[in-house]
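Colleague: I am new to this one. Could you show me how to read its contacts, domains and core?
Modeller: Gladly. Let us look at it together.

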Amino acid sequence: MSAPVPTATSAASKRSLLRRLTVAPARGQDAPVKRALIHLGLLFASLIAVFPVIRVFGTALRPGNNLLDPNFSIIPQGATLDAFGQVVFESGLAQWLFNSLVITLGTAAVGLVMSATSAYAFSRFKFRGRGLSLTFLFATQLIPGIMLLVPIYLLAVQLDLVSTYRGLVIAYSVTSIPFSIWILKGYYDTVPIDLEEAALIDGCSQLQAFWKILLPLSLPALAIVFLFNFLAAWGEYFTASVLIGSKEELLTWTLGVARFQGQFQTQWNELSAASIIVSLPVVILFVYTSRYLVSGLTLGGVKG
Amino acid sequence: MRSKLRLAALVAGLAVVASACAAGASPTPEATVAPTVAPTVAPETYPTGDIKITLWTKEGEGDGALQFVKKLTQEYEALHPNVKFGVTNKDVEALRQDFLTSSLAGNAPELLWTVADHIGPFTAADTILPLDGLIDPATYLSNALAAVQADGKTWGAPISYGNQLMLYWNKDLVPTAPADSDAMIAAAKAFTDEAAGKYGLVFNQTESFWLVPFLGAYNGSVFAADGKTPTLDTPAMVSALTFMSNLKFTDKVMPKEADYNVADNLFKQGNAAMIVNGDWTLGAYADVFKDKLGVGPIPKITGADFPKPYTAGAFFMVSKAVGDDADKQFVIADFIKFATGRDAQIEMVKTLKRLPGNLEALGDAIVTGDPYLAGAAEAITHGVPQPTNLEMRCVFDSMTAGVRDLFTKGSDPAAVARNMQTSADAGVAPGGECAAE
Amino acid sequence: MFDWSQAGTALSDVGVTLVVLVAAVAILEGILYVVFVRWRKARLALPIMLITPAAIGLLALYVYPLLWELNVSFTKMNIRNFIFPGFLGLTAERNIFVGLQNYINVFTGPVLKQTGFFQLFAQTVIWTVTNVFFHVTLGIGLALMLNRRLRGRTAYRAMLILPWAIPATASLQIWRTEYNFEFGAVNQLLGLVGLGPYPWLSEPIWNFLAMIITNVWLGVPFMMVIVLGGLQSISHEYYEAAEIDGAGPVQSFRTITLPLLRPVLIPAILLGTFLTFNQILVPFFINQNELETSDILVTALFRAAFQYSRYGFAAAFAFVIFAILLVFTVFYVRWTKALKGAYE
């Protein structure tokens, strides 16, 4: 068999193959090679992101109470849904999830209202101490949270806010305020004030202008803030443990799931099953709303 | 600008004062002296009127212990309908921290079901009530009571007593109980196959609790006769460390890294022939291995003595604030008597497979007739009560650092012992974390 | 499995709290209205009314605790002196005032058993800088890859966001176990390509590396989501114009993407820096052997405050940390003019 003689046509077809692989077929699309590389990169990153979660899932399926698995199987030997069943039907997970939901919705709502109004004041009014207050809001995020736990607890005891949800709702709402004001003010700043001024000329009061004009325009940002506050309160552990940790009936899922860890023995399979279950709503929420998350965060930062 | 600063300073100052005053006016009980005996006006009959008692327990759901605690309280509530219990589980560290902070706030739970070493911090912080006069010492194992006695007072009531480290072995892999350490090592070597991930002997290599028995085998002790001065750099310690180091690096019967979970899993999966673990897993291992489980004291070290593990247990403790409420105190004393009485204790042995603190229950056939419990009871005879003073924490921490150093780096035992001593000395010296004031 | 009466109690508890809050705010607003609108006729009446509820909450939950801690930091409140500090420890049951001794101890004494402040500070800085660097670069990288029409984009997004979504308590336990020398997945996977095994949990440097790897895993999704948002707000026209002008991908990244991402990146990096600096869960969990070389400032603070109950010392320590971050913020904000972009 003689070697194929390179002719003009096969060289051209080789070149065009290379072109087809490396040049974008159309505007806004990527060349196949580039696309393949991107898929590879994303796949690799996704595997790293997902691998520990798969191990958690595997532990949840494993019979007995074994954390370790020298084998690498995703579905372990003798996999069983027992742990899931126990967690859903026999532990208080359903109760804890409900408690968390109620608290989180409540605090996200309160936090949103307080932040939306305060951010409006910061955005639309100039007053002495505005810069200082904004810096203070910034500074609150620097404080190591554990430092605040003991005095907050003492205060809550004096005001009789422990062992109920009262103190927790207040604590979560208030601690969400600085970050929320930051985002909302940034967003309000991008909305031209002309519309409100026109409304004022037409006889609206400031509050009416806020309510009828600015708020509707800032729905995306409000949604983001609500979502962020929801997520922050949803997975919080320390404050909950201090303020309601003494009453079994009040447990949120973060405290409840921690119960699966004993002094010496940990119910690994149940802990893992519970972790998978509590992650599901968050993941679904994320995927569903991530387009909003994303644009909302930006809008807070980008200056027109 | 200056006036603003002054205003800010004034506000800050006022706030500091306000916080200090508010703190001072908190609902902390006024009494600064806790009665050492039952209050003079003890009710003659059982108090009527609603009594609410909060009980924090370190017992979790995992081994069914929390359910047992709740069962006890429910049985008591059935006997006395005007008493209501609120039972909460907190892990040991959280229980300690939260009890302290809630005591500061005047919001402490009335009753605790926790470990003996908590009397160290709780008495230092003056937050619990001495129980002399509220319990009858004759009902309890004296070793158990000794674990919660300090400064001539009794600070807890024993519920279960044990917590000792023992040797468990898989009878399929090790047919006969090792007679001494040489036999144990030989059996371990026979089984070890590093390439297959199989090891003859495993135990938690990250905690000093597992060092203690071996120290005892060479008749060493962590404290001098005064019970407060750490004595960690001793020939006994060096011998103990050498023994442990040899197990890993010379005899090579232990895995390169093993914490509690790793050791536990290896044994349960049949990849480890023997494990040194505590009495708290007796129930779990019995479930896994059925009658293939061997249990007994850690074998006598050839050329030395029997290893002497620390023993401890679960104890009731009572918050200091209860001393001011005669009715609550009465009810609590009665509940303690109920929960540590013979019947409840035998129930506990049946359900949790733990050795009771009640003398009568300890002598009952249910303990003496069960081979596992008998093995555990034999192990406990070699045990030594775990010191509960505040200095012990620093000693444990220093020893833990030393153990980790020994096992991960294979450091020289003499050097390790010296470092332990230095670290412990720093801890108990004035200004250190465990210092006597 | 589900107790309806308990659920009812939860609902009513939260519901009542909300109602009370609304009522309290209404009363507050009423008072403010009367004072500032009717009586003082202040120009700034409306902003005052809008901000006051939040301000009161923030004062109670941030300023009061800070002042309380400041107060305690001048006392020797600890397990043996477990009493209310009063005013600077002077008005307590017995005098526990120690002046600036705690602050001096923070800098001079060993904060943990052997490690002093400056070593911890250095460790924290290295920790923060490395993490933020990887968070940002990987976050931008992943966002760039995702910001296009791609098959399976939703699936990728869902997977990449999982580290953020799954509770840290579970994932960190798993990570810790996977770092086990013999049985953990990390060394086993590395073994497949002929590397390792490495002593992730027992050697200082490896442990530090392990902490960083885990925290990067944990923190990249957050940064990725932020950058994605920023990218999506950059109009395609810029890129098209650049392409027409003959700019390559690297060039358009440098001249278009980066500058337009700046307003988003700057606050994100700042936030990421604080979160990493004060990140307590990862070092705590991964540092199983409590190697002091793996401790950062906040974990040492936690141990001092809660494990050893050295309240006075811990308060002083916490203030020092806070002061450091504050100074950093001031410089960072000045340098990047961040406040302008975000606030003005």
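Modeller: Start with one term. Two residues are in contact if their C-beta atoms, placed from the backbone, lie within 7 Å. Keep in mind that this is a predicted model.

Colleague: How many residues of chain A are in contact with chain C?
Modeller: On chain A, 81 residues are in contact with 80 residues of chain C. Several helices of chain A give two or more residues to that side, among them H2 (32–61), H4 (93–124) and H7 (165–190). H13(A) supplies the largest share, 16 residues.

Colleague: What is the make-up of the side of chain A that touches chain C?
Modeller: It divides into 52 nonpolar, 24 polar and 5 charged residues.

Colleague: Now chain B. How many of its residues are in contact with chain C?
Modeller: Here 28 residues of chain B are in contact with 27 residues of chain C. Helices of chain B that each supply at least two residues include H1 (2–24), H9 (260–268) and H17 (413–428). The largest share is 8 residues, and it comes from H1(B). By type, the side of chain B that touches chain C has 14 nonpolar, 7 polar and 7 charged residues.

Colleague: Which domains make up chain B?
Modeller: Chain B is divided into domain 1 (51–162 + 312–384) and domain 2 (165–308 + 390–428). Note that each is written as two segments. Their centres, taken over C-alpha atoms, are separated by 29 Å. The contact between them takes 18 residues from domain 1 of chain B and 16 residues from domain 2 of chain B.

Colleague: Which elements supply the domain 1 side?
Modeller: H4 and H15 (371–381) of chain B each supply at least two residues there. H15(B) gives the most, with 5 residues. The domain 1 side divides into 8 nonpolar, 5 polar and 5 charged residues.

Colleague: And the core? What is the general idea?
Modeller: In soluble globular proteins, nonpolar side chains tend to be buried together. In this model, the largest nonpolar core has 308 residues. Those with the most contacts inside it include Tyr153(A), Met274(B) and Phe317(C). H7(A) provides the largest share of this core, 15 residues.

Colleague: Take Met274(B). Which residues is it in contact with, leaving aside neighbours within four places in sequence?
Modeller: Met274(B) is in contact with Leu167(B), Tyr168(B), Trp169(B), Val174(B), Met184(B), Ala188(B), Gly200(B) and Leu201(B).

Conventions. Residues are numbered from 1 along each chain as its sequence is written. Chains are lettered from A and ligands numbered from 1 in the order in which they are written. This is a predicted model: local features need pLDDT of at least 70, side-chain atom pairs count only at pLDDT 80 or more; totals for chains, interfaces and linings use all residues. Helices (H or I, at least four residues) and strands (E, at least two) are DSSP runs, numbered from the N terminus. Ala, Val, Leu, Ile, Met, Phe, Trp, Tyr, Cys and Pro count as nonpolar, Asp, Glu, Lys and Arg as charged, and the others, Gly among them, as polar. Domain bounds come from an automatic or database domain assignment. A nonpolar core is a set of buried Ala, Val, Leu, Ile, Met, Phe, Trp, Tyr and Cys residues joined through C-beta atoms within 7 Å. A residue is buried if 20 or more other C-beta atoms lie within 10 Å of its own, exposed if 12 or fewer, and partly exposed in between; C-beta atoms are placed from the backbone.
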